[in-house]
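The following exercises ask the student to read a protein model step by step. Each task is followed by a worked solution.

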Amino acid sequence: GPGQLDAPEDVAAEGEGESLRIFVCDTGNARVQRFNRAGIHELTIDGTAAGGAPLREPRSLVALPAGGLAVLEPDAVRVFASDGDAAGSFGQFRNARRISRSWHGGGVTVADPASRTVHLMGLSGLIVRDMPLPGTSDLALILPGTRGGILVLADPTQADLRGALLREDAPEDTAVRVTQ
């Protein structure tokens, strides 16, 4: 029921102070739930509003800078307004595991271990840059910098974090060396 969780995999926050809202990726129930600052359930997002398709195994989510959220399913990203209305979808992934916000124009970073790729994408779904994903990394996080950022990769099987320096103006085919 509302407020109950089954195998939650991710959490994101939107707003601040009294308007703070917490979104939980309720993977086992194939939905996202929104809670207010006091932890009271406010909304369930299951993808079916206005005749949309149900969410399929939502795994990860991020709150977007302009409001709303991006929810990662194994093969695509679905974008929702804060009130749960669907705003679109993008991407074609093999078995994506994690999504995080990117420094690049408010976009997102998607780690897809099945294709051994990290996708840096704009919110329109346009791929800004693809990079090889080493090992079995399933989380890719961008730490912004003044001229790019640092890509941090988490590898659960090796219990390891790796980092790669990114330059915002690097061409798409530039190899990125990942170091310990």
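**Exercise 1.** Determine in which sense strands β11 and β12 pair, and over how many bridges.

*Solution.* Strands are DSSP runs (E, at least two residues), numbered from the N terminus, and two of them pair if DSSP finds at least two bridges between them. Strand β11 (residues 117-121) and strand β12 (residues 127-132) pair in the antiparallel sense, with 5 bridges. Thr117 stands opposite Pro132 in β12. The two strands form a hairpin with 5 residues between them, and Gly125 in the turn has a positive phi of about 95°.

The model is predicted: local features need pLDDT of at least 70, side-chain atom pairs count only at pLDDT 80 or more, and totals for chains, interfaces and linings use all residues. Residues are numbered from 1 along each chain as its sequence is written, and side-chain values use heavy atoms, leaving out hydrogens and water.

**Exercise 2.** State which residues have the most contacts inside the largest nonpolar core.

*Solution.* A nonpolar core is a set of buried (under 20% relative accessible area, 1.4 Å probe, protein chains only) Ala, Val, Leu, Ile, Met, Phe, Trp, Tyr and Cys residues joined through side-chain atoms within 4.5 Å. The largest has 13 residues, and Leu72, Val77, Phe93, Ile99, Val108 and Val110 have the most contacts inside it. Strands β6 (69-72), β7 (77-80) and β10 (108-112) each supply at least two residues of this core. Apart from it lies another core, of 12 residues, including Ile45 and Phe80.

**Exercise 3.** Is Asp155 buried or exposed?

*Solution.* Asp155 lies in strand β14 (residues 148-155). Its relative accessible area is 3%, so Asp155 is buried.

Methods: Helix = DSSP H or I, 4+ residues; strand = E, 2+ residues; numbered from the N terminus. Buried < 20%, exposed > 50% of the residue type's maximum accessible area, 1.4 Å probe, protein only.
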